[in-house]
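Please examine the sequence and the model shown here before reading on. The report then describes the fold in running text.

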Amino acid sequence: MVRRPVAWIVALVLFAEALGIGAVNWFLGVVVDRQDMSLAGLDPDMMAVSSKAGGVVFGLYFAACGLVALLVALRDRAPAGFGRVLLISAAVVHALLGAFAWGLVGWPAFLTMVVVLTLIVLLLMTYDGRPGASADAAPEKGGPGGTEETGPGGTEGAGPGGPGAPVSPPAAPTAP
């Protein structure tokens with residue numbers, strides 16, 4: 001299928017992006033530090049340190065997103081909980097970066113951001129549900145024999161009408 005290769009590609013792209021963002025911000029911090037010029041009265045040392053710290057923070061953020069994508073690729077399971085939120089936030093960040101890149105840098109940077117956004121959304125959507133099962137279906141609680149909660153055969157709703165038939169509640173008690 002396409003799920004695992006997409007997860008591998010997303011992991012590699014996010015790791016490369018983490019390295020690139022960290023390196024570019026670190027380089028910008030070094031340039032600001034060596035120029036020793038003030039921008040509107042701001043302290044140049046503070047600008048250099050802020051750029052380097054921003055590079056480290058965003059590099060770690062994208063590396064964490066890449067780690068989530070790598071775990072998805074290795075386990076072949078959908079991201080859950082914090083990992084899913086992390087990937088969704090990375091998709092939003094790429095959408096915003098793409099919008100800013102269109103106006104500031106041009107269409108090649110915009111296209112790059114949209115491709116990464118598309119890969120992340122594809123990763124999230126391909127693991128959304130399993131084939132043959134609805135996305136909100138609860139997993140089976142028993143084995144082939146079933147349990148008391150699911151009935152014989154391990155499926156819910158296996159009442160007198162057969163599997164899938166609606167189960168009606170018992171009749172309400174009446175007062176004498």
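Predicted model: local features only at pLDDT ≥ 70, side-chain atom pairs only at ≥ 80, totals over all residues.

Residues are numbered from 1 along each chain as its sequence is written, and side-chain values use heavy atoms, with hydrogens and water left out.

**The chain as a whole**

The protein chain contains four helices and zero strands, and its pattern along the sequence is α-α-α-α. Here helices (H or I, at least four residues) and strands (E, at least two) are DSSP runs, numbered from the N terminus. Of the 176 residues in the protein chain, 28% are buried; buried means under 20% relative accessible area, exposed over 50%, and partly exposed in between, with a 1.4 Å probe and protein chains only. The accessible surface of the protein chain is about 11700 Å², and carbon and sulfur atoms hold 71% of this surface. Such areas come from the Shrake-Rupley method with a 1.4 Å probe, and for residues only the protein chains shown count as cover. Among contacts in the protein chain with a separation of 6 or more, 61% join residues 24 or more positions apart, where contact means heavy atoms within 4.5 Å.

**Helix lengths**

The table sets the span from first to last C-alpha beside the expected span, which is 1.5 Å times one less than the number of residues.

| Helix | Number of residues | Span | Expected span |
|---|---|---|---|
| α1 | 33 residues | 48 Å | 48 Å |
| α3 | 23 residues | 32 Å | 33 Å |

**The pairing of α1 and α2**

Two packed helices are described by the angle between their axes and the distance between the axes. The axes of α1 (residues 3–35) and α2 (residues 44–75) come within 8 Å and cross at roughly 170°. Axes are lines fitted to C-alpha atoms, for helices over the stretch in contact, and angles run from 0 to 180 degrees between N-to-C directions. The helices α1 and α2 are therefore roughly antiparallel to each other, a label for angles over 145 degrees. The residues of their contact comprise 26 nonpolar, eight polar and five charged. In this grouping, Ala, Val, Leu, Ile, Met, Phe, Trp, Tyr, Cys and Pro count as nonpolar, Asp, Glu, Lys and Arg as charged, and the others, Gly among them, as polar.

**Buried residues**

Buried residues of α1 include V6, V10, L14, E17 and A18, and their cover includes α2, α3 and α4. In α3, the buried residues include L86, L87, A90 and H94; the cover of the buried residues of α3 includes α1, α2 and α4 (107–126).

Helix α2 holds F62, which is buried because its relative accessible area is 2%. Leaving aside residues up to four places away in sequence, F62 touches L14, E17, A18, I21, V93 and H94. F62 and L19 lie 43 residues apart in sequence, yet their C-alpha atoms are 8.6 Å apart.

**Positive phi after the helices**

After α1 comes D36, with a positive phi near 55°. Just after α2, D76 has a positive phi of about 55°, although D76 is a residue other than glycine. D76 belongs to the loop between α2 and α3 and counts as partly exposed because its relative accessibility is 23%. After α3 comes G106, with a positive phi near 130°.

Note on methods: Parallel < 35°, antiparallel > 145°, perpendicular 65-115°, else oblique.
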